Amino acid sequence: MAAPGMTRSLERWTEGVPVAGRDGDDGRRAGPARTRDVSGSLTRQAIVIAAVTMTVDCLSFSIGAASLPYPMGWRWAMLAAVVVVDAGLAGAPRFSGVVAVAQAAVAVGSAWAAVAMRDAVPHPGPSPLGMLNYAGLLISAYRAGAWLNRWPAVVSLVCLATGIVVRQTLAGAHVAPRRILVNAMADALLPWLVGRYTTARRAYIAELEQRSEREQRETRQALAAAIAEERSSIARDLHDVISHHVSAIGVHAGVARLRATTAPDAQDLTKSLTAVETSSRAAMLDLRRLLDFLHGNPSGEDSQPGLDNLPELLDAVRAVGLRARVTVHGVPSRLPESLDIAVYRVVQEMLTNALRHGAGGVAEVELRYAPASLTVTTSNPLAAEPRVRPDSPHRGLQGIRSRVTMFKGGTSYGPAPDGRTWITTVTFPRDPS
């Protein structure tokens, strides 16, 4: 037998109130559209069941009408009563108890009317008191067991069983008492138990689904907590290992700049130290932004630099001796924030590579806007002697390729055919999805 709470949950869901945890990963309730679909489907099925039950009972009544001890008026009255109670099977499940009692009342009433009419309508032999609403009794017993809570369901079962017993008792002495008991169990108790079992099974399946969704939700929460903890650990390491050293670089560069005023080449030395100090401050600003992001405390939409910050980037590389120019082709348009940040970081890495491995001179940056893509190309003179150590991991190019791959873009790089220019080209789709 289903637990009352499970049965109530199923009944509420059927009546149009969604049960939590059926349609969403985070305990979200089923949407109104789905609720209407399920409720409408159940309503249509109930109507079909009621129509078939009514048809079966009416056909049974018509086939045995000649042998029934009823005057014509009473026959039509009995047929109308059967039609009415069978039509009640199409109603809402919460009225299943009322329908069951009505079915039992029709069964007893038809038997009582038959006994009362025996003397008025002579009939040879015993009166065959067949069950006029036999199909309706079976279906109403099932519905009472399936949709009602414990005590209303039990009361409905008692009414149905009592109606069957009284109905067959009025039939006469030719019906054995043991047969009456068997019929009551087969026609009332058995379909009622099948209804209880069906409801218990549905509730059990719903409980398993909710348990599975709850476990999945807890797993995702645990994973998110682990990721947050790992990000916090990375942020701490980044702060301890990198931020302190970069901060020290800026401090020492500032002290050296103040003491270099008496040197013979003070102007050039001061300019270089100023560039180092400016770059270290910019690096510290970016590091703080990254730390805020890793800690889950972004400082706002402008916390990461984008293409609007290219002038500051160009000023920074010019200050350390690399002349850089930007050429824009096409009509610039606003990019999604994540793509805007990625393009800026790629340009930054390209210019850093040109500064570290190039021969100085002019670094050309081209931004080519197309309806479906954005292409970034940089070119700079190659140094006569490579400045990269043999064991260099080429993290700059790997970082560029990784960023572009995240947006389903393409990357190409290498020396130009003349062997004197290094060209790096990346293409970002405007719509990475």
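Tyr413 is partly exposed, because its relative accessible area is 37%, and buried would need a value under 20%. Start with this residue in the model, which is a predicted one. Tyr413 has a partner, Trp422. Trp422 is also partly exposed, with a relative accessible area of 25%.

How do the two rings sit? A pair of aromatic rings is described by the distance of the centres and the angle of the planes.

How many aromatic pairs does a search of the whole structure find? The search finds two. The other pair joins Phe407 and Phe428. Here the centres lie 6.1 Å apart, with 75° between the planes. An angle over 60 degrees counts as edge-to-face, and therefore Phe407 and Phe428 are an edge-to-face pair.

Now find these two residues along the chain. Phe407 lies in the loop between α11 (395-406) and β4 (410-415). Phe428 belongs to strand β5, residues 421-429.

Next, turn to two helices. Helix α5 covers residues 134-147, and helix α6 covers residues 150-169. Their axes are 9 Å apart, and the helices pack at an angle of about 160°. Angles over 145 degrees count as roughly antiparallel, and α5 and α6 are therefore roughly antiparallel to each other. Their crossing is left-handed.

Which residues make the contact? From α5 come Leu137, Ser140, Ala141 and Ala144. From α6 come Ala153, Ser156, Leu160 and Ile164. Sort them by class, and the contact has six nonpolar residues, two polar ones and no charged ones.

Finally, step back to the whole protein chain. The chain has eleven helices and five strands. It contains 433 residues, and 35% of them count as buried. Then look at contacts between residues at least 6 apart in sequence. Of these contacts, 73% join residues at least 24 apart.

Key
Residues numbered from 1 in each chain as written. Predicted model: local features only at pLDDT ≥ 70, side-chain atom pairs only at ≥ 80, totals over all residues. Heavy atoms only, no water. Axes fitted to C-alpha atoms, helices over the stretch in contact; angles between N-to-C directions. Helix = DSSP H or I, 4+ residues; strand = E, 2+ residues; numbered from the N terminus. Parallel < 35°, antiparallel > 145°, perpendicular 65-115°, else oblique. Left-handed = near helix turned anticlockwise from the far one by under 90°. Contact = heavy atoms within 4.5 Å. Nonpolar A, V, L, I, M, F, W, Y, C, P; charged D, E, K, R; others polar. Phe/Tyr/Trp six-rings, centres within 6.5 Å; stacked < 30°, edge-to-face > 60°. Buried < 20%, exposed > 50% of the residue type's maximum accessible area, 1.4 Å probe, protein only.
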